[in-house]
Amino acid sequence: MVIITSIMKKYLILIIALFITEIAFSQSILNLINRSNEFLDTLEKGKFEDAQNFFDEGVKDKVQPEILKNFWNSTNSTLGNLESVESAQNKTQEEFFVVTLICKFSKGTQGFQFVFNQKEKMVGFFVVPKSNAAVYQNPVYADSTLYKEQPVSIKTSGHELAGLLTTPKSGTNFPVIVLVHGSGPSDMDESIGPNKPFKDLALGLAAKGIATIRYVKRTRVYPGEFNKAFTLKEEVTDDALAAIALAKTITGVNKKQIYVLGHSLGGMLAPKLASLAPDVNGIIMAAAPARKFTDVISDQNKYMFESAKDTTAEGKKQLQNALTELEKTRITKPGTMKVDSLLLGLPVSYWIDMNLYDQVGTAKKLKKRILILQGENDFQVPVMDYNLWKGAFAKKKNVTFKLYPELNHLFITQPQKGSPQQYQQPGNVAGSVIDDIALWVKSN
């Protein structure tokens, strides 16, 4: 799993064998995150015998109090005192559940990974190795004196997802925005490389008096459930609706000021969410495709081929083969195929659901407020889609448009469209995007 880093010296806390099976399971995520927090707090207080009791009986003897003491003293010597937990992530790993906490010490930061069994007992405790890769930095507009965060749980039948509620530190009757991810198994920050666009949005908006809810995507926490037939409902809709329902219960929230901000796929589905959730006052569609998913992916392939400047016959053949395979995903009914058979790694049921959804038509029926945001240097969802949205709503007074030169798909400054490698460079969502969202929300 994770190797011991230099901070561990000779102490062998972390290498505890895990016998992995094919059984996935569900646990109380918040409880496990809290237990991980409590374990670190117990170490910080010097209660090493109590800390040993967090471990399962099968591994407890390998983690003696003296070992824990030596480890934590070494950690404090290198990093100083533990001050706070900066972020939390979670995932299932076969029959085990893994929690990762990024912790702030007085002299630096360090990640720790906790592995729990089905009895909610620790069977592994790892130091996350330091990396030479670029790391995330809080944006300049994030003022910790103006916001506070607390864990929340997004619950649907048989599922529980860890989330964070970020609110203004003072005041009541504030708006709240539910953040909905793009494609892929995202964490609650929608992290990619050293970039965390959802965290940027949450911190920036809270400093302007607007709360947010963000949560880990189901595909990340329960990956075993997505190796069979599924649709957008399981991937996105159910959990987003649960988060919207949670927003209505938050103390201090103005229940008439609940919004959804969907990014990429989430933006595409925002009209559907608004139509299913009457309490939503408006939607923010950030880099939202207006076309069919197949068309968007096809254009991405063409763009990458052109960027590579591959003029060989073999290269052109590979592109054509990819486009031919993509054409098979335009299905609207299974025909002779089974709904769980795969097309480009996704089940037939998913493509059918995607193709039957008309995001533009659904959005046109909404009487709610709509804000559409687009980066001009976005190569994943290009300005073409933004222009299609603009054309569809040319005479609609409830729709506002914002186009940002030199912003990419993550709404981070990027001087040219570039390639996926740009996501490995650290950056933050532009302050102008935060300002525009806040102004739009408060102008209601």
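Colleague: Why does Glu149 count as partly exposed?

Modeller: Its relative accessibility is 32%, and the term covers what lies between buried (under 20% relative accessible area) and exposed (over 50%), with a 1.4 Å probe and protein chains only. Glu149 is therefore partly exposed. This is a predicted model, in which local features need pLDDT of at least 70, side-chain atom pairs count only at pLDDT 80 or more, and totals for chains, interfaces and linings use all residues. Residues are numbered from 1 along each chain as its sequence is written, and side-chain values use heavy atoms, leaving out hydrogens and water.

Colleague: Why is the contact of Arg214 with Glu149 called a salt bridge?

Modeller: The term requires a side-chain nitrogen of Lys or Arg within 4 Å of a carboxyl oxygen of Asp or Glu. Arg214 and Glu149 meet at 3.0 Å, N to O, so the pair qualifies. Arg214 lies in strand 8 (residues 211–215) and Glu149 in strand 5 (residues 147–156), so the pair ties together parts that are 65 residues apart in sequence. Strands (E, at least two residues) are DSSP runs, numbered from the N terminus, as are helices (H or I, at least four). Arg214 and Glu149 also belong to a salt-bridge network with Asp189 and Lys196.
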